[in-house]
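The following exercises concern the packing of secondary structure elements. Please study the sequence and the model before reading each solution.

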Amino acid sequence: MRRRILQIAGVLGLLAVSVAAAILFACPYCRAFASRAVATPLATFYIEHRWLRYAEGAFLVYYPAGGAIADNPRAWLKPRLDAFQANCRYLGVDCNFGITFYVFDSREQGARYGLSLGFAAPFLRRVYTSCNQTPGHELTHVIVGQAYQDRHIRSALVREGLATLLNGEDWLDFDRASFESVRDTYLEASDLLGMNFWWRDVDYYIAASFVRYLVDVYGLEKLKNLLGQGPMDEKTAFAAVYGKPFEGLFTEWKDRLKKKGVEAGFADQ
Ligand SMILES: [Zn+2]
């Protein structure tokens, strides 16, 4: 009997390993997630013991000696502090916390540590970034993660859209890039939701343009309500907050984008 149980356990174990391997093989996002889960704590431990550290208030910056920001880490941090204050103000969040930045010279250097830059660990208030990434994107993930905790909506579209919108770049560029993307590729409403966002490799500019449309047309308070919808199904969350199906919002956004494209003169470029 005992042998029989061991045999069954062995078969089930092999099956589980095979399924996990198949998922990791077939899904680049899952592979990145799994490698990040293992590499991040190891890299963090190493960096905190070997790299240089600059502190300003509750903010910490780790950077390699002789690296791109080694001459003046303060100058690198300054636009991040500005973006932090501006984004906290914009979102009406009481930001009485700091962020720890791990600043790599390049994405390639991050890859040598097993990290796919940049990304944030919002609950740990950490940002892993290359030195030339836009100032506001990753820290917006931290601000929103801290503000909403486990009520934060599980929507890549909303999370990445907002972080890209508040990354410090010109807003019109998002609409231009989205217009060209929508014109050149066939995009359905469902492409933006759930894991499809990652499977279809949806451009972050599209997400930013969509979130900006929500703010412009329906107001910031509704977006903040959406951000706090927790693990609810995205479609249900959109319908609960905006009183209409996601597909309707998607069509409105696309129509507005076409109109803006004509008005701004980039429709026929
Ligand atoms: Zn992001």
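**Exercise 1: the sheet**

In strand 2, Leu 60 is the bridge partner of Ala 55. The model is a predicted one: local features require pLDDT of at least 70 and side-chain atom pairs pLDDT 80 or more, while totals for chains, interfaces and linings use all residues. Residues are numbered from 1 along each chain as its sequence is written.

Task: State in which sense strand 1 and strand 2 pair, and describe the sheet.

Solution.
- Step 1. Strands are DSSP runs of E with at least two residues, and helices are runs of H or I with at least four, numbered from the N terminus. Two strands pair if DSSP finds at least two bridges between them.
- Step 2. Strand 1 and strand 2 (residues 59–63) are antiparallel, with five bridges.
- Step 3. The open sheet has five strands in the order 1-2-3-5-4, with mixed pairing.
- Step 4. Strand 1 (52–56) and strand 4 (119–121) are at the edges, each with a single partner strand, so one side of each lacks a neighbour in the sheet.

**Exercise 2: two helices**

Task: Determine how helix 3 and helix 5 are oriented to each other.

Solution.
- Step 1. Axes are lines fitted to C-alpha atoms, for helices over the stretch in contact; angles run from 0 to 180 degrees between N-to-C directions.
- Step 2. Helix 3 (residues 73–91) and helix 5 (residues 137–148) pack at about 40 degrees, with axes 10 Å apart.
- Step 3. Angles under 35 degrees count as roughly parallel, over 145 as roughly antiparallel, 65 to 115 as roughly perpendicular and the rest as oblique.
- Step 4. Helix 3 and helix 5 are therefore oblique to each other.
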